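Open the model in your viewer and keep the selection panel at hand. The stops below run from the whole chain down to single side chains.

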Amino acid sequence: MIDRKQVLDRAERRAHAARERLTGRLVDIQQRLDPQTLMIEAGRELRQRAGEWISDSVDAARRNPAATLATGATTIAWLLRKPIARWIIGFFTEDRTVPSAEALTAQAIRAAAIRAPAPPSSRSEQHDDQPQRQRKPARRRPASEGQGGNSA
């Protein structure tokens, strides 16, 4: 017959080994779920997939350069669609006639009439109807008065 002590020892060894395996798995899971580790792994995966995508794109462009050129031109045209539209509209709606000297003069007169009068620019400008005031020269003090020192 099997001794009870041997059975109990064997069960304890199995339980201890199972606890060690469980602890090791928990440590592995904690290390994998560490935010810094997750970021490092995500960065590696992203670099790997981006490299594969770029490599595949370059290979496809080499196999079919006409399609690549058409795609690039379409993309550039789409990005610059507003400036291109303004240029086209301006090209067809622009007045190409050269105005005469009289028309340019009349246009300048109309623009000047619309403009508000300019405010007086400074006090120094005097009108003809106002007499100019003469400024009195500043009174000079003798050097001994203005110093504040004792001079006897």
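This is a predicted model: local features need pLDDT of at least 70, side-chain atom pairs count only at pLDDT 80 or more; totals for chains, interfaces and linings use all residues.

Accessible areas here come from the Shrake-Rupley method with a 1.4 Å probe, and for residues only the protein chains shown count as cover.

Residues are numbered from 1 along each chain as its sequence is written, and side-chain values use heavy atoms, with hydrogens and water left out.

**Colour by confidence.** pLDDT is the predictor's confidence in each residue, from 0 to 100. The protein averages 82, and 76% of the residues score at least 70.

**Switch to cartoon.** Helices (H or I, at least four residues) and strands (E, at least two) are DSSP runs, numbered from the N terminus. You will find 6 helices and 0 strands. The order along the sequence is α-α-α-α-α-α.

**Colour by burial.** Buried means under 20% relative accessible area, exposed over 50%, and partly exposed in between (1.4 Å probe, protein chains only). How much of the protein is made up of buried residues? The share is 0% of the 152 residues.

**Select the nonpolar patch.** Patches take residues with over 30% relative accessible area and no salt bridge; nonpolar side chains (Val, Leu, Ile, Met, Phe, Trp, Tyr) are joined within 5 Å, like charges within 9 Å. Pick Ile 76, Trp 78, Leu 79, Leu 80, Ile 84, Trp 87, Ile 88, Phe 91 and Phe 92: together they make a patch of about 1000 Å². Helix H3 (65-79) and helix H4 (81-93) each supply at least two of its residues. H4 gives the most, with 5. Now centre on Leu 79, in helix H3. Leu 79 counts as exposed because its relative accessibility is 57%.

Side chains of opposite charge can pair when their charged atoms come close. A salt bridge puts a side-chain nitrogen of Lys or Arg within 4 Å of a carboxyl oxygen of Asp or Glu. The count by this rule is 1. Which residue pairs with Arg 49? Select Glu 45: the closest N and O atoms are 2.6 Å apart. Both residues sit in helix H2 (residues 35-63), 4 residues apart, about one turn of the helix. Arg 49 is exposed at 55% relative accessibility, while Glu 45 is partly exposed at 36%.
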